[in-house]
Amino acid sequence: MREHPAQQEAESAPGCAVPATAAEVLLDGHRATRDRVARSILDHGPSSAADLANRLGLTTAAVRRHLDGLTAAGLVDAREQRVYGSRGRGRPAKVFALTDAGRDAFYQAYDQLAADALRWISDAVGGGTAGEEAVAAFARARFGRQAEKYLEALGSAEAGERTEALAQALSADGYAATVRRVPSAAAKAPAGAQLCQHHCPVAHIAEQFPQLCEAETEVFSQLLGTHVQRLATIAHGDGVCTTYVPAPGAASSSALRAAAGRGTDAAPTAGTSTDDSASAR
């Protein structure tokens, strides 16, 4: 199963090895065995505890403990084993299968599949400018459908709270979004906001197809009813996708840029840039 990137870096960084305590060694061993149990289910399909014990050379009791942990984490679920033909006496055997979350815990080539699909769309219309526009049209349609889900949440929010409402809707879709208020360019004017997305499910695809980020920014503008400025993106290598949202009534783009720059100086956000080049990402 996948490890967190930070964990992988820490383990591979030279000179960072820290002697493990006995408890840590036992915990790591427990996790490794649990992952072996999950991997065996992935490779062989729904399996009983006895089947897993035989494959992995473990006791049935030990396998059941790991299955209990995987079930509690929502990674596997138990079901009755299908029997084809006549079934003997007694209760049907219980088998354990991976849930969708359990399958997602293993590497799958969804990113490559999505990139190949977008590249095919581009090539199908001849590539070049026409291809870029075809991908952009797809991105706008995709985010447009996504935005329909957010309209209800934003519609019930006060004008000054729409950015927070959008952040909550994005978080529900896995973007881990937050809002940070930043000073306005004009004295005594309402503060603008930075909409920060700490996770991007399509970051690897957006590295190759920036039209995805551009379409998302357009949708934010439409939902919030104002021009917004993208300051940074995870796809471009920044730590956070950051979008500046001006306060209601803020008009000029020059004032917007000044406010965005002042906001990042006063309350820095990881991965935020105020260059004009950053806003075009």
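**Nonpolar packing and salt bridges**

Leaving aside residues up to four places away in sequence, Leu 166 touches Tyr 150, Leu 154, Leu 195, Phe 220, Leu 223 and Leu 224; contact here means heavy atoms within 4.5 Å. Before I continue, a word on the basis: this is a predicted model, in which local features need pLDDT of at least 70 and side-chain atom pairs count only at pLDDT 80 or more, while totals for chains, interfaces and linings use all residues. Residues are numbered from 1 along each chain as its sequence is written, and side-chain values use heavy atoms, with hydrogens and water left out.

To what does Leu 166 belong? The largest nonpolar core has 30 residues, and Leu 166 is listed with Tyr 150, Leu 154, Leu 170, Leu 195, Leu 212 and Leu 223 as having the most contacts inside this core. By nonpolar core I mean a set of buried Ala, Val, Leu, Ile, Met, Phe, Trp, Tyr and Cys residues joined through side-chain atoms within 4.5 Å. Buried denotes under 20% relative accessible area, exposed over 50%, and partly exposed in between, with a 1.4 Å probe and protein chains only.

Which helices supply this core? At least two residues each come from helix 6 (110-124), helix 7, helix 8, helix 9 (203-208) and helix 10 (211-224). Helix 10 gives the most, with seven residues. Helices (H or I, at least four residues) and strands (E, at least two) are DSSP runs, numbered from the N terminus. A second, separate core of 15 residues includes Val 37, Ala 53, Val 63 and Phe 96.

I turn now to charge. Side chains of opposite charge can pair when their charged atoms come close. The structure holds eight salt bridges, each being a side-chain nitrogen of Lys or Arg within 4 Å of a carboxyl oxygen of Asp or Glu.

One of them joins Asp 173 and Lys 149, at 3.1 Å from N to O. This pair links distant parts of the chain, 24 residues apart: Asp 173 lies in the loop between helix 8 (162-172) and strand 3 (177-182), and Lys 149 in helix 7 (residues 128-155). Asp 173 is partly exposed at 29% relative accessibility, whereas Lys 149 is exposed at 51%.

Another salt bridge pairs Arg 140 with Glu 133, their closest N and O atoms being 2.5 Å apart. Arg 140 is partly exposed, at 33%, and Glu 133 is partly exposed, at 42%.
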